[in-house]
Every structure is written in structure tokens, then in C-alpha cells.
Amino acid sequence: DILSSHFGIGHKETLFALLRVCSSYITLGKFDDADAVLKDLSKSLEKEFGKEIWDNPSIMQMQAHLHQSRGEHQAAIAIIKEAIEILEKDFGPMHSNTMQLYKSLGEIYMDLCDFKSAMEYTDISISIATRYFGKDNVGVMAPLMNKGKIYAALSRIKEAHQIYDQVKDTYIRHYGDSCKMLCDVWMSEAQLLVNEGYAEKALELLESAREHMVTIYGENSVMLCRLYNQMANAYYYMTQFKFAREYYQKSLDIVQNTLGRNNMYCIEPLMGLGNVCISEDATGQQIHKAKQYLTRASFISASVYGADNPNTTLIDSQIGDLSLLQGDLRDAYTKYMKQSMSLVDVLGEYADTHQSMATSHLNIGMYYIAKANEATYQMDSVLVCQYAEQALEEFELSENICESIYGKDNPSVVSVLQGKAQAYLLLSQPEAAIEQYKHAADITFKHYGYDSPLAAQAYA
């Protein structure tokens, strides 16, 4: 308001102040408030300067950020590509002004599991940053980190660690070993280590990040919630459920006390608490509590993203997993199918090449395994074979999607192969089942080594 009264709505300082307000709303999950700021800004600028002011790439980038945060990826891509076209028309290709836009495009395509396009646009962003700042400048590190995250998503472990090490070395060389930018690198590296089965090593990095962030923000800052969730996740994979619960609860308490009970950042710790209840529950007594956590997470997600958004239907599919455990197969199937349909609606042409759809087919396959087991108790061999064959079809679809995204023999297919093994056992084909289990184990050994904790699970 002060800047607008002094300089006017169209001044650079006023514009960027309003865009920062909009960005803050998006970060807090207040998408309607962010949308309202952009619409008010649009009306004011059109009134003062005419409609062509919307050619401002900074405003367009914020619109795209809002669409991406809502899961409206195609709209985000269209806006960013239009902004790039405007900038390149004015400044030529490979200009520094387009660096952030190409970086954003890479992030959106990564959300879509289109890793080829994600890598292409990320490399363009790195190339522009390198030309503008110099090869080892800190200005190159943000898009380079994104490249590391793409490698991590593709389970290209060695390349991801090499990039994370390069980024850490650059930050330390420029800012020293206490700069806060290191925290994001440590957290990304820790996530990679958890995926490799080295949760204890991950916790060492996360403790370092915690010490830095507590010094900067304080122990009960919202800025630490992502860290606490990751620490909980690491403890969860170590089956230390008491500590996992403690850190998920800490994260949830901070968000509730700071941002409110229905803020989007409650979703992750609520889902974590639900999973802890399931995993530490040997008697089935905590399923009801787990369902309460997940139902609340679903309610919050529906209020932020919409009931039919994949973010919400993913949570609902986890509630479906509980229904499967409780024998309510119809409810599980309904939730799994709703997730599948929501992915098709939102992802469009990317639905059949997205990891979430692979997970959806895996879930439906496990539903058919449960139906086959039910038929076994009923001593109906015809239905057993019918459901087992349907399960195999779903697992094949899941495997094909994983291979189209990550290539053959990627760890993403291990759960699918184990599901296929169960189906073959139901079909009285033990040799085929053993082959699937062995294939899953071979993939695990290849990617993580025989000394990894994941190797023990593969042997089991």
C-alpha cells in the first residue's frame, strides 16, 4: 500500500511487493487468496496501462506457480512457454531473464514424471546460468540441484550424489560451512539415503540441518516442519516408530499452532502418523486411529485442492488400503478407482506415463489378490484363477509404466514384481513366483549393493 501510494501500481517495486505477497499465500496453501491478489493486480494494471501489461513475464510466472501448486500442470506449462516466447522475442534466446522460467518448466515436467523433458529444460536453465554467472558460481547451484533431484527420482544414485557433493562444495567455498543453503542439500541427500536403505546415515545429515535451522529460525518454527517430517520418515524406515511418531507429532503441532488446524502443511504429518499406527499395530487395534488421521488429511486436502484432485484421492487410496486390511474390499476398490479416474482427468496425456498411475494399477492389483484369497477360502478355484489373472494384468500395466519412466530393472518395479509373485502362487505356478522374487532381489542388489539393509528385505 505504501509503495503504491508513492510510486503507483505499475511501478517495479510495487509490482514485486504484490508478487511476494502472492507467493507467500501460495506457500501457505492459501490459493484462493493468491488468486485474488493476481486478479486485483490484473484489473488495476489493465485500468492504468491497458491489457498488454499482462505480457509481463514476472506476473505470468506467478500465475504459472499458482497453477502448478494446484496441480494444474498443463495451464502452468502454457503460461511459462508464453512468457519465454515474449522474453526471447525481446532479448534473444538463452537470456538470463529466461533462466528461472526454464527451471520452473523442468520442475513441472518432473511433477509429471516426464523426466526427459524435465532434464532438457533443466539443462537449458543450467546452461544460461553458467553463461551468466560462471561455471562454479552459486547462481548455478539452484538449477543444478534440480538436476540432482531428477537423477535421484530416476534412481541414478551415483550421479545424484555427485551433484549434491558439488553443490555443497560450492556453497562452503563461497559462504562457509554454516550457510543455510546447505540445509536443503543435506535434506535432499538424506532423502536419497533413506531410499537407498541408509536411514541412519540420513539422520546424521538431518541432525546437522536441524542444528543449523534451529540457530536461524528457532526450534518451533514452521520452517523446520519439512525437516521434522523427514526425520520422522527416516525413523519410520528404521522401524523406530516411537521416534517417528514423536517427530510427525512435533511437525503437526507446529503447523496447527502457527497456521491453523486445516492448513495444507498438516497433511504430511497426519499421513505419517496414520502410517505409524498401521506399522506398529500387531493386533489391528490402531487401524481406527490410523483411519482418523488419514480421513482428516483427506478433508484438509479436499479443502485446499478439491475432493477429486489426485493429492486428495491419493490419501483416500491409503484409506482404501486400510479397508483392504479390514476386509472391506468394495470400499477399497471404490477408492482405488476414484484415484485412477482423477489421475486421468488431471494428468491427461501424461496419465499413462506417471508414477502415480503405476501405483494406482499396483493398488488395484492388490485388490484382486485380496479377492483371490477370499475365493480361496470359499474353495472356488475358478474365481481364484480369474482374480489372479486380473491382478497380473494390473501388475503388468504398473510395470510397463515404471519401465517407460525409469527404464528396465529400476527399483520402482520391485513391489510390482513381488505382487506378480503372489499372483503366480495363487495360480499354482511356484517356479514363476520364485522367478519374480529373484528378479526383485537382483534389482535391489544391483542398485544398492549386497551390504545395503534393503538386501536383507530382498532375501526375506
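**Rings, charges and helices**

Modeller: Lysine 289 lies over the face of tyrosine 293, at 5.1 Å from the ring centre. A charge counts as over a ring if NZ of Lys or CZ of Arg is within 6 Å of the ring centre and within 35 degrees of the ring normal.

Colleague: Before we go on, what sort of model is this?

Modeller: This is a predicted model, where local features need pLDDT of at least 70, side-chain atom pairs count only at pLDDT 80 or more, and totals for chains, interfaces and linings use all residues. Residues are numbered from 1 along each chain as its sequence is written, and side-chain values use heavy atoms, with hydrogens and water left out.

Colleague: OK. Which lysine lies over the face of tyrosine 198?

Modeller: Lysine 201. It is 4.8 Å from the ring centre.

Colleague: How many aromatic pairs are there?

Modeller: The structure holds 14. Rings of Phe, Tyr and Trp (its six-membered ring) pair if their centres lie within 6.5 Å; planes under 30 degrees apart count as stacked, over 60 as edge-to-face and the rest as tilted. One of the pairs is tyrosine 333 with tyrosine 367. Their ring centres are 4.7 Å apart and the planes are at 35°, so this pair is tilted.

Colleague: Where do tyrosine 333 and tyrosine 367 lie?

Modeller: Tyrosine 333 is in helix H17 (residues 329–347) and tyrosine 367 is in helix H18, so the pair ties together parts 34 residues apart in sequence. Helices here are DSSP runs (H or I, at least four residues), numbered from the N terminus.

Colleague: Is tyrosine 367 buried or exposed?

Modeller: Buried, with a relative accessible area of 10%. Tyrosine 333 counts as partly exposed, at 28% relative accessibility. The cut-offs: buried is under 20% relative accessible area, exposed is over 50%, partly exposed is in between (1.4 Å probe, protein chains only).

Colleague: What about tyrosine 368 and tyrosine 387?

Modeller: They form a stacked aromatic pair, 6.3 Å centre to centre, with 20° between the planes. Tyrosine 368 is in H18 and tyrosine 387 is in helix H19, 19 residues apart. Tyrosine 368 counts as buried at 11% relative accessibility. Tyrosine 387 also counts as buried, at 16%.

Colleague: How do H18 and H19 cross?

Modeller: The axes of H18 (residues 355–377) and H19 (residues 381–406) come within 8 Å and cross at roughly 165°. That makes H18 roughly antiparallel to H19. Axes are lines fitted to C-alpha atoms, for helices over the stretch in contact, and angles run from 0 to 180 degrees between N-to-C directions. Over 145 degrees counts as roughly antiparallel. The crossing is left-handed, meaning the near helix is turned anticlockwise from the far one by less than a right angle.

Colleague: Last topic. Where does leucine 41 lie?

Modeller: In helix H3 (residues 31–49). Leucine 41 counts as buried, at 2% relative accessibility. Leucine 41 and leucine 15 are 26 residues apart in sequence and 8.3 Å apart in space, C-alpha to C-alpha.

Colleague: And methionine 213?

Modeller: Methionine 213 is in helix H11 (residues 199–217). At 8% relative accessibility, methionine 213 counts as buried.

Conventions
Helices (H or I, at least four residues) and strands (E, at least two) are DSSP runs, numbered from the N terminus. Angles under 35 degrees count as roughly parallel, over 145 as roughly antiparallel, 65 to 115 as roughly perpendicular and the rest as oblique.
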